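Hi there,

Here is the structure I promised to pass on. Have a look at it first, and then read my notes below.

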Amino acid sequence: MVGYTIESLDTASTGAIITSTARVIYNADAPLDSNTHEATIDAVAPVTVVNIGQTGNTYTVDWSATDDTAGSGVKEYTVYVSLNGGPFFVSLTRTTTTSMVYESRDGLAATFLVLAQDAAGNVEAAPAGVSVAPVIPSVNLGSLPKAPRT
């Protein structure tokens with residue numbers, strides 16, 4: 001079994017296409033060419049807009065995100081909450097819902113942050129100066145097969 005990995009340049013833009021083939025030469029046998037594979041680059045994470053309504057200790061949070069035009073599309077969201085300016089904690093993870101109602105404990109002021117992930121695994125960055133637990137997208141792009149050691 002033979003495997004190889006191809007990575008795009010850091011400067012590659014969304015919509016760029018990577019084309020790859022492989023030629024395998026084993027001993028004195030004739031070369032074997034693989035099928036051609038094409039992959040389209042999605043280089044940009046989605047951007048989320050959040051709207052918050054408040055009545056007393058109850059917050060209604062709605063959000064939506066957009067991916068770049070040729071992107072793979074928004075897949076899921078992670079919702080963070082900070083109480084009284086404290087550290088953000090995860091309230092919802094890997095959700096496809098676009099709204100929630102949050103009841104604040106003991107009347108603590110709540111701040112919300114929603115980060116989107118696209119189908120290619122690009123995760124929206126938190127705003128500068130905001131520290132949150134890292135988002136591990138549920139996208140599984142696979143891995144190279146492993147041959148048994150001989």
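Before the details, some ground rules. This is a predicted model, in which local features need pLDDT of at least 70 and side-chain atom pairs count only at pLDDT 80 or more, while totals for chains, interfaces and linings use all residues. Residues are numbered from 1 along each chain as its sequence is written, and side-chain values use heavy atoms, with hydrogens and water left out.

Arginine 23 makes it with aspartate 33, and their closest N and O atoms are 2.7 Å apart. The pair links distant parts of the chain: arginine 23 sits in strand S2 (residues 23-24) and aspartate 33 in strand S3 (residues 32-33), 10 residues apart. Strands here are DSSP runs of E with at least two residues, numbered from the N terminus. Both arginine 23 and aspartate 33 are exposed, that is, over 50% relative accessible area with a 1.4 Å probe and protein chains only (buried is under 20%, partly exposed in between).

Now to aspartate 67, which lies in the loop between S6 and S7. Aspartate 67 is buried and has no salt bridge; the nearest side chain of opposite charge, lysine 75, is 12 Å away.

Next, the strands. Three of them form an open sheet in the order S5-S6-S9, with antiparallel pairing (two strands pair if DSSP finds at least two bridges between them). Its edge strands are S5 (47-55) and S9 (99-103), each pairing on one side only. S5 and S6 (residues 58-66) are joined by nine bridges, and glycine 53 stands opposite threonine 60 in S6.

Elsewhere, S7 (residues 74-83) runs antiparallel to S10, again with nine bridges. Threonine 78 has leucine 115 in S10 as its bridge partner. S10 (residues 110-118) is mostly covered, with eight of its nine residues buried.

Happy browsing!

How values were computed:
Helix = DSSP H or I, 4+ residues; strand = E, 2+ residues; numbered from the N terminus. Lys, Arg positive; Asp, Glu negative; His and termini not counted. Salt bridge = Lys/Arg side-chain N within 4 Å of Asp/Glu carboxyl O.
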